[in-house]
Amino acid sequence: SDVQLNGISVLTNLVGGNDGLVREKVATAGGIDSIVISMVMHPEDPDIQENGCKALRNLCTNDDNNKVLTEQKGGIDAIISAMQVHRGEARVQMEGCWALSNLSVNPNNKIIIGDSMGIDVIIRAMWVHMENPSLQEWACRALWTLSVNQDNKAKIVSMDGVTAIISAMKGHLDNPGVQEKACGCLANLAANNDDNKLRIAEGEGIDSIVMAMVVHADNQSVQEKACGALRKMATEPFLNTMRAHGVGPLLEAAAQRFPASCSNKASFVLQYL
């Protein structure tokens, strides 16, 4: 297993930069196969599982072909299995969430991850490791990307993912990465779904979005995603809640500070307030 771990570590470092040619060469030479085989042959070794997830994550970063190839070689199953076996290992869970997040950019992989218990392991990781900000950030990013698919959106809600996301926001209010990705996910879940809007509101989601805007007033990404989430929530049953939380001045401030990314979203909500 030492040979496998060292080999995976070398591959992880090789493909960790922005050189797409290196990623292509590693994949063409059978690197993805070797990583997946190592993970399958050493399921109880957390170091191999962590580094295997990290290597696959790096190989799939900004590489559409490797996203497809990783799925074909069994990489998605290997990552999910790693997360199932090593539930208590935050480092395996974080790398697993990050890898699934990168892989799920591919539309077909979204479906496969949703059908292969991927959403289950992500949400469980959030509950088990609620104190870990990096894990929460990448879990929220994974759910954000997966929730573009309507079936996955329903699965996230049925597994109480809304509560997990809002809990992550409350537990890591000072972390802009968690706030940005959680707001993005809540926006997807709320879009064109009144039941989900109600779940978010009843779970104090509007409160959490407002707090993100207050604490991260100078962060463009947080403001943009928060404005987007409030835009999706801006229907009659929730307008009084928004007024009570002082959403109007926050939207005006975001639009003034970041007009290119926030103005249109803010204006849409403000017309109803």
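A contact here means heavy atoms within 4.5 Å. By that criterion, residues 24 or more positions apart account for 71% of the contacts in the protein with a separation of 6 or more. The model is predicted, and every value below is computed from it.

The overall architecture comes first. The protein has 19 helices and zero strands. Its C-alpha atoms fill a box of roughly 60 × 35 × 30 Å, taken along the principal axes. For 273 residues, a compact globule would have a radius of gyration near 19 Å, and the 20 Å of the protein agrees with this. Buried residues make up 52% of the 273 residues.

Helix α6 spans residues 75-85, and its buried residues are Gly75, Ile76, Ala78, Ile79, Ile80, Ala82 and Met83. What covers them includes α3 (31-41), α4 (46-60), α5 (64-72), α7, α8 and α9 (118-128). Gly118 lies in helix α9 and touches Ile80, Leu100 and Ile113, not counting residues up to four places away in sequence. Gly118 counts as buried because its relative accessibility is 0%, below the 20% limit. The C-alpha atoms of Gly118 and Lys73 are 45 residues apart along the chain and are separated by 17 Å.

Ser104 lies in the loop between α7 and α8 (107-115). Although it is in a loop, Ser104 counts as buried, at 0% relative accessibility. Not counting residues up to four places away in sequence, Ser104 touches Asn109, Lys110, Ile113, Ala142, Thr145 and Leu146. Ile113 is also touched by Gly118.

The aromatic residues come next. A search of the whole structure finds two aromatic pairs. Trp98 and Trp138 form a stacked pair, 4.0 Å centre to centre with 10° between the planes. This pair links distant parts of the chain: Trp98 is in helix α7 (residues 90-103) and Trp138 in helix α10 (residues 133-146), 40 residues apart. Trp98 is partly exposed, with a relative accessible area of 21%, whereas Trp138 is buried, with a relative accessible area of 14%. The two fall into separate classes because the limit for buried is under 20%. In the other pair, Phe268 and Tyr272 are edge-to-face, 5.5 Å centre to centre with 70° between the planes. Phe268 counts as partly exposed at 25% relative accessibility, and Tyr272 is partly exposed with a relative accessible area of 39%.

Arg57 lies over the face of Trp98, at 3.5 Å from the ring centre. Lys181 lies over the face of Trp138, at 5.5 Å from the ring centre.

Which loop holds Asn175? Asn175 lies in the loop between α12 (161-171) and α13. Asn175 is buried, with a relative accessible area of 19%, so this residue falls just inside the class, which requires under 20%. A polar atom of the Asn175 side chain lies 3.0 Å from the backbone nitrogen of Gly177. Not counting residues up to four places away in sequence, Asn175 touches Pro133, Glu137 and His216.

Gln256 provides a contrasting case. This residue lies in helix α18, residues 247-257, and is exposed, with a relative accessible area of 69%. The C-alpha atoms of Gln256 and Ala266, 10 residues apart along the chain, are separated by 9.8 Å.

Methods: Residues are numbered from 1 along each chain as its sequence is written. This is a predicted model: local features need pLDDT of at least 70, side-chain atom pairs count only at pLDDT 80 or more; totals for chains, interfaces and linings use all residues. Side-chain values use heavy atoms; hydrogens and water are left out. Rings of Phe, Tyr and Trp (its six-membered ring) pair if their centres lie within 6.5 Å; planes under 30 degrees apart count as stacked, over 60 as edge-to-face and the rest as tilted. Helices (H or I, at least four residues) and strands (E, at least two) are DSSP runs, numbered from the N terminus. Buried means under 20% relative accessible area, exposed over 50%, partly exposed in between (1.4 Å probe, protein chains only). A charge sits over a ring if NZ of Lys or CZ of Arg is within 6 Å of the ring centre and within 35 degrees of the ring normal. A polar contact is a pair of N or O atoms within 3.5 Å; within protein, one must be able to donate a hydrogen and the other to accept it, and residues adjacent in sequence count only if both atoms are side-chain atoms. The radius of gyration is taken over C-alpha atoms; the globule rule is 2.2 Å times the number of residues to the power 0.38.
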